[in-house]
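This report examines a protein structure and asks how its parts are arranged.

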Amino acid sequence: MLVLITYDVNTEDAAGRKRLRHVAKECVKHGQRVQCSVFECLLDNAQCKVLQATLCKIIDIEKDSLRFYYLGKNYKNKVEHFGAKAGYDPEGTLIF
């Protein structure tokens, strides 16, 4: 299923900036950054729960927030893109 993950990490101090980098690095392992704090991730239920638990351990629940949007398997009908940075096919071949 396609999961859209968004986060807002308070970066007023060094600890917040470290949390922000850590959250971003963890998200990069599982999906594609589509905006600064927004990732599209193709995950199964188990992968999603593990990632959710991992990210919740990183953030400061008093200062930061995470949002998971579950777009499901038929996500292609639910996502439209306009403007710069053309979209990508999450099921397509990635070249590194």
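Against which elements do the buried residues of H1 pack? The model considered here is a predicted one, and the buried residues of H1 pack against S1, strand S2 (31-35), strand S3 (38-42) and H2.

## Helix H1

Helix H1 comprises residues 14-28, a run of 15 residues. From its first C-alpha to its last it reaches 21 Å, close to the 21 Å expected at 1.5 Å a residue.

The buried residues of H1 are Gly16, Arg19, Val23, Ala24, Glu26 and Cys27. Seen down the axis of H1, these buried residues fall within an arc of 160 degrees, so they line one face of the helix. Ala14, Lys18 and Lys25, by contrast, are exposed on the other side of H1.

## Helix H2

Helix H2 spans residues 45-58. It has 14 residues and reaches 20 Å from its first C-alpha to its last, close to the 20 Å expected at 1.5 Å a residue. At the start of H2, the backbone nitrogen of alanine 46 has a side-chain oxygen of aspartate 44 within 3.1 Å.

Which residues of H2 are buried? They are Cys48, Leu51, Gln52, Leu55 and Ile58. Around the axis they cover an arc of only 120 degrees, which puts them on the same side of H2. The other side of H2 carries the exposed residues Asn45, Ala46, Lys49, Val50 and Lys57. The buried residues of H2 pack against S1, H1 and strand S4 (65-72).

## Glutamine 52

Glutamine 52 is located in helix H2. Its relative accessibility is 19%, and it therefore counts as buried, since the cut-off for buried is under 20%. Not counting residues up to four places away in sequence, glutamine 52 touches Phe68 and Tyr70. The C-alpha atoms of glutamine 52 and leucine 66 are 14 residues apart along the chain and are separated by 8.9 Å.

## Two residues of strand S1

Strand S1 covers residues 2-8 and includes aspartate 8; threonine 6 is also found in S1. Is aspartate 8 buried or exposed? At 53% relative accessibility, aspartate 8 counts as exposed, whereas threonine 6, with a relative accessible area of 17%, is buried.

With residues up to four places away in sequence left out, aspartate 8 touches Asp64 and Ser65. Under the corresponding exclusion, threonine 6 is in contact with Ser37, Val38, Ser65, Leu66, Arg67 and Tyr69. An unreviewed UniProt entry lists Asp8 under "binding site".

## Cysteines

How many disulfides does a search of the whole structure find? The search finds zero. Cysteine 41 is in no disulfide; the nearest cysteine sulfur, that of cysteine 27, lies 5.9 Å away. A disulfide would require the two sulfur atoms to be within 2.5 Å.

Cysteine 41 has 0% relative accessibility and so counts as buried. Cysteine 36, at 65% relative accessibility, counts as exposed, because the cut-off for exposed is over 50%.

Methods: Residues numbered from 1 in each chain as written. Predicted model: local features only at pLDDT ≥ 70, side-chain atom pairs only at ≥ 80, totals over all residues. Heavy atoms only, no water. UniProt positions renumbered as here; feature names shortened; annotations may be inferred. Helix = DSSP H or I, 4+ residues; strand = E, 2+ residues; numbered from the N terminus. Buried < 20%, exposed > 50% of the residue type's maximum accessible area, 1.4 Å probe, protein only. Contact = heavy atoms within 4.5 Å. Expected span 1.5 Å × (residues − 1). Arc of directions from axis to C-beta. Polar contact = N/O pair within 3.5 Å; in protein donor to acceptor, adjacent residues only side chain to side chain.
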